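Below are some notes for a reader who is new to this structure.

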Amino acid sequence: MSQYRFSTKAIHSGQEADSATGAIMTPIYATSTFVQQSPGIHKGYEYSRSGNPTRTALEICVAALEEGSAGFAFSSGLAAESVILDTLESGSHIIATDDLYGGTFRLLEKVKKPSYNLEISYVDMTQPEAIEKVIKKNTRMIWVETPTNPLLKIIDLRKVAGIASRYNLISVCDNTFASPYLQKPLGLGFDLVVHSATKYLNGHSDIVAGVIVTKKDDELTQKIKFLQNAVGSVLSPFDSFLLLRGLKTLSVRMAAHCQNAKQVAGFLAQHEKVDQVLYPGLPSNPYHEIAKAQMKDFGGMVSFFIKGGAAETRSFLENTKLFALAESLGGVESLAEAPALMTHASIPKEIREQNGIYDNLVRLSVGLEDSEDLLHDLEYALEKVNSS
Ligand SMILES: *Cc1c(COP(=O)(O)O)cnc(C)c1O
């Protein structure tokens, strides 16, 4: 399959016609166990936690899309992240992006720090030199998210991977916001990619899922394979099927998300009730050049500061009709949220504002509706601000 291009791999990798029946779509193998011919002699499957054919098809497909060696599917993005952290020994130090997904921050601080005695440093990795300043004897891993959430900062993946390899650290990239259609961290030198497949990979807001893709068939891959079975937070055959179906259209969906997001960013940038638009696709954006260098296009997420404060933000969010007021992202439908009031509300206001997340910040996940309708929706809701 490796000779094929992205869309072909999305539709065919791991997905040969079913050998028993010829079914063109991968069947949902709803079974917990598999009959053996003689003890230990079987057709490659014994028990569905260790392996299930529907999940295998999905794992082969995501590994192909990320141009990695092996894929592993989990019951959520956080379950996948947890297994990556389980590869570390107690007392390890890890260096993470400062504006991390909230759930990742919670997993590190409230779960792994107390249970594994993990030490964590948070660094603004838009200045990769800052990473080297905090490397210590027990540093084992660098954890990156780009574009970041919700400020859509872009981190230079090649530079970070270079630092990781110089110091012999495991490099991990959370590729949820970009998807492999836009960005392939393994090709830029990363060891592991992790996804909340709940978002763009599945794309239809109907499951929660996570995946890990490894770069090489090495000891780290074997450890993750072992942990997937030993910890057991695997993706079900039903959800594996849905995720496979979602992946088939990843390239057309991502291309359309990027197109619509560009329109939305351009519209907001010239609107009198908007203070500033954060979108790496805008030539004025400070991360435009690095985004252009490492991404195929600029993604479907757009953040902006509305003129005013919490009241104006609320008024805007109450008045959109197409942009549904909800957390999450990456589905075919457009969503809007206020990070300071919703996804990032648990971070104390002072720290939040230090990181640039003010009450007037709005984050949009631009969906696949007609762009004219989306722009009308935004225009209407912005008009209502201060006049409702
Ligand atoms: C949603 C999300 C996660 C967590 O994934 P779940 O599937 O919700 O467990 C991790 N990282 C990023 C960037 C996310 O957006």
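**Notes on the model**

1. The largest cavity holds about 40 Å³ of space. Here a cavity is a set of points, on a 1 Å grid over the protein atoms alone, where a 1.4 Å probe fits but cannot get out. Grid points are joined across faces, edges and corners, and a volume is the space filled by probe spheres set on the points. The structure has one cavity of 30 Å³ or more.

2. The model is predicted: local features need pLDDT of at least 70 and side-chain atom pairs pLDDT 80 or more, while totals for chains, interfaces and linings use all residues. Residues are numbered from 1 along each chain as its sequence is written, and side-chain values use heavy atoms, with hydrogens and water left out.

3. Which residues line the largest cavity? They are Pro147, Leu152, Phe177, Pro280, Met295, Phe298, Gly299 and Met301 (lining residues have an atom within 4 Å of a point). Seven of the lining residues are nonpolar, one is polar and none is charged. In this scheme Ala, Val, Leu, Ile, Met, Phe, Trp, Tyr, Cys and Pro count as nonpolar, Asp, Glu, Lys and Arg as charged, and the others, Gly among them, as polar.

4. The largest pocket holds about 840 Å³. A pocket is an open set of points with protein on both sides within 12 Å along at least five of seven lines. Its lining comprises 36 residues, and Leu100, Tyr101, Gly102, Gly103 and Phe105 lie nearest the centre. By class, 12 are nonpolar, 13 polar and 11 charged. Helix H3 (77-86) and helix H4 (102-116) each supply at least two residues of this lining, and H4 gives the most, with six. Helices (H or I, at least four residues) and strands (E, at least two) are DSSP runs, numbered from the N terminus.

5. Seven strands make an open sheet in the order S1-S7-S6-S5-S4-S2-S3, and the pairing is mixed. Its edge strands are S1 and S3 (119-123), each pairing on one side only. From one strand to the next the twist averages 20°. Two strands pair if DSSP finds at least two bridges between them; S1 and S7 (residues 210-214) run antiparallel and are joined by five. Gly71 stands opposite Val213 in S7.

6. Helix H8 (residues 219-231) packs on this sheet and touches S1, S5 (170-174), S6 (192-196) and S7, its direction making about 25° with that of S1. H2 lies across S1 and S7 and runs at about 125° to S1. Contact means heavy atoms within 4.5 Å. Axes are lines fitted to C-alpha atoms, for helices over the stretch in contact, and angles run from 0 to 180 degrees between N-to-C directions.

7. A second open sheet has five strands in the order S8-S9-S12-S11-S10, with mixed pairing. S8 (274-278) and S10 (324-325) each have a single partner strand, so one side of each is left without a neighbour in the sheet. Helix H10 (residues 250-269) packs on the sheet, touching S8, S9 and S12, at about 15° to the direction of S9.

8. The structure holds 13 salt bridges (a side-chain nitrogen of Lys or Arg within 4 Å of a carboxyl oxygen of Asp or Glu). One of them joins Glu67 to Lys9, with the closest N and O atoms 4.0 Å apart. Glu67 is in the loop between H2 (53-65) and S1 (70-74), and Lys9 is in H1 (residues 6-12), 58 residues apart.
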